[in-house]
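Please look over the sequence and the structure below.

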Amino acid sequence: KKHITKEEKKQIKKFASKRTEFWEEYIEIGKESLYKEKTPVMAIKGKKGPSPKTIRKQQAARKKKWKDVYRLYKSGDYQSAISALEEFKNYQQYKGLAHYWAGLCYAKTLKHISAAKEFGAADKVNYAPKDMYFEYGKSLLAINQLKESIKSFNKSYNRGYKKGLSLFYV
């Protein structure tokens with residue numbers, strides 16, 4: 001878990017007092033994923049937005065939900081993980097991450113058409129972890145979209161992820 005330093009606390013108080021547009025915090029999900037969460041803060045004239053304490057509570061609740069998704073994924077309960085991810089697809093800041101994880105879950109259940117759709121949706125919102133194009137390519141290959149899978153494996157190779165296997169599939 002990330003500990004907030006005194007300097008960061010000062011910056012947070014400064015940002016919150018000025019009713020900034022975004023409150024940023026890094027949240028670690030398990031040991032594999034690190035993403036930036038942006039929570040909008042109200043900036044209505046004459047009114048302050050949610051207090052930093054309220055925002056921290058909201059972020060803690062979302063972090064708990066992400067950990068639940070991660071736990072479901074790791075335990076092999078992919079359908080429950082997919083259901084839990086549906087909620088996050090409605091939020092712009094989580095769309096890419098939710099589509100990516102849903103794609104991984106569908107790939108594990110061998111539903112490659114759905115997996116390819118989810119990976120494609122993650123790519124459209126410019127969310128692409130290092131392994132996504134490799135997984136996307138495998139799903140596309142499984143549904144015989146060969147040209148698209150080759151493009152995806154090339155992207156995986158260029159990113160340095162499983163270079164040997166990426167070249168093999170190309």
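A residue is called buried when its relative accessible area is under 20%, exposed when it is over 50%, and partly exposed in between, using a 1.4 Å probe and protein chains only. The model is predicted, so local features need pLDDT of at least 70 and side-chain atom pairs count only at pLDDT 80 or more, while totals for chains, interfaces and linings use all residues. Residues are numbered from 1 along each chain as its sequence is written, and side-chain values use heavy atoms, with hydrogens and water left out.

Of the 170 residues of the protein, 34% are buried. The protein has 8 helices and 2 strands; these are DSSP runs numbered from the N terminus, with helices being H or I of at least four residues and strands E of at least two. Their order along the sequence is α-β-β-α-α-α-α-α-α-α. Taking contacts as heavy atoms within 4.5 Å, residues 24 or more positions apart make up 43% of the contacts with a separation of 6 or more.

Rings of Phe, Tyr and Trp (its six-membered ring) are paired if their centres lie within 6.5 Å; planes under 30 degrees apart count as stacked, over 60 as edge-to-face, and the rest as tilted. The whole structure contains 11 aromatic pairs. In one of them, the ring centres of Y70 and W101 are 5.9 Å apart and the planes stand at 80 degrees, so the pair is edge-to-face. Because Y70 lies in helix α2 (residues 52-75) and W101 in helix α4 (residues 95-108), this pair ties together parts that are 31 residues apart in sequence. Both Y70 and W101 are buried.

F119 and Y136 form a tilted pair, with 6.2 Å between centres and 55 degrees between planes. This pair links distant parts of the chain, with F119 in helix α5 (residues 112-124) and Y136 in helix α6 (residues 132-142), 17 residues apart. F119 and Y136 are both buried. Ring pairs join Y70, Y73, Y78, Y100, W101, F119, Y127 and Y136 into a cluster.

L165, F168 and Y169 form a nonpolar patch with about 320 Å² of accessible area together. Patches consist of residues with over 30% relative accessible area and no salt bridge, where like charges are joined within 9 Å and nonpolar side chains (Val, Leu, Ile, Met, Phe, Trp, Tyr) within 5 Å. A salt bridge is a side-chain nitrogen of Lys or Arg within 4 Å of a carboxyl oxygen of Asp or Glu. L165 lies in helix α8 (residues 163-169), and its relative accessibility of 40% makes L165 partly exposed.

How values were computed: Accessible areas come from the Shrake-Rupley method with a 1.4 Å probe; for residues, only the protein chains shown count as cover.
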